[in-house]
Amino acid sequence: MGSKNKLKRFNENKTFQNVVEPTREEVLNNALGYKGKWGEKFFKNQNPIVLELGCGKGEYTVGLAEKYPDKNFIGIDIKGARFWRGAKTAIENEMKNVGFIRTQIELVEYIFDANEIDEIWITFPDPQIKYKRTKHRMTNHQFLQRYKNILKPNGIMHLKTDSEFMHGYTLGLLHGEGHEVLYSNHNVYHQEGSPEEVTSIQTFYEKQYLEQNKPITYIQFKIT
């Protein structure tokens, strides 16, 4: 994507009512005033809130919002030029249950309050295969604790990835730490029983992986 295109999208994001772009300091100091009040102040309702972390172009955020109009969906990514597409689509389709936040995922505890989130989707994260990158894996122990701190007691986690490494690493960690694995599938398009929302929504990168015949994996779990 050219720099002019990126700049155009960054500027357009600033005009979107469904996009929040706080500074790190604003997040750390709760200067936005949304923490614990996303339903009340942002969505103007008390419907369940679902996050997509590392949302990219926001395909899951928008796709799930279309399927579940009685839930609120927030996509989070540091790359605003990517989720511009999802934000614009939501505006064009007059979807009131969609929002996007441009920030680092490790700050989720500063953005959301305890028990504020009902579900979290992690879609095609960087697997960070090198050992020294373990601290950046979005399903490592530290990240799981961050998610637990904002999820409701029975909150659901979803991991969809093309990385067998990420799938195996996460499963091993979940079993090792005693978390509850509700469903696991090594190839969602070739095995029966895959949840409809896992196979009916495909991200930009997922379509590329499927063209390369890469299996797509999925885990649904609870952090106990």
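**Close-up 1. Asn-213 sits in the loop between α10 (204-211) and β8.** In this predicted model, Asn-213 has a positive phi of about 60 degrees, although it is not a glycine. With a relative accessible area of 69%, Asn-213 is exposed.

**Close-up 2. Strand β8 (residues 217-222) is mostly covered.** Have a look along the strand: six of its six residues are buried. Side chains in a regular strand alternate between the two faces of the sheet. In β8, Thr-217, Ile-219 and Phe-221 point one way, while Tyr-218, Gln-220 and Lys-222 point the other way.

**Close-up 3. Strand β8 runs antiparallel to β6 (residues 151-161) and to β7 (residues 180-185).** Five bridges join β6 to β8, and here you can find Met-157 opposite Phe-221 of β8. Five bridges also join β7 to β8, where Asn-185 stands opposite Tyr-218 of β8.

**Close-up 4. Helix α5 covers residues 80-92.** Its 13 residues reach 18 Å from the first C-alpha to the last, close to the 18 Å expected at 1.5 Å a residue. The buried residues of α5 are Gly-80, Ala-81, Phe-83, Trp-84, Gly-86, Ala-87 and Ala-90. An α-helix has 3.6 residues a turn, so residues three or four places apart point the same way. Just after α5, look for Glu-94, which takes a positive phi of about 55 degrees.

**Close-up 5. Lys-44 lies in the loop between α3 (38-43) and β2 (49-53).** Lys-44 is not a glycine, yet has a positive phi of about 60 degrees. Lys-44 counts as exposed because its relative accessibility is 64%, and the cut-off for exposed is over 50%.

Terms used
Residues numbered from 1 in each chain as written. Predicted model: local features only at pLDDT ≥ 70, side-chain atom pairs only at ≥ 80, totals over all residues. Heavy atoms only, no water. Helix = DSSP H or I, 4+ residues; strand = E, 2+ residues; numbered from the N terminus. Expected span 1.5 Å × (residues − 1). Buried < 20%, exposed > 50% of the residue type's maximum accessible area, 1.4 Å probe, protein only. Pairing = 2+ DSSP bridges.
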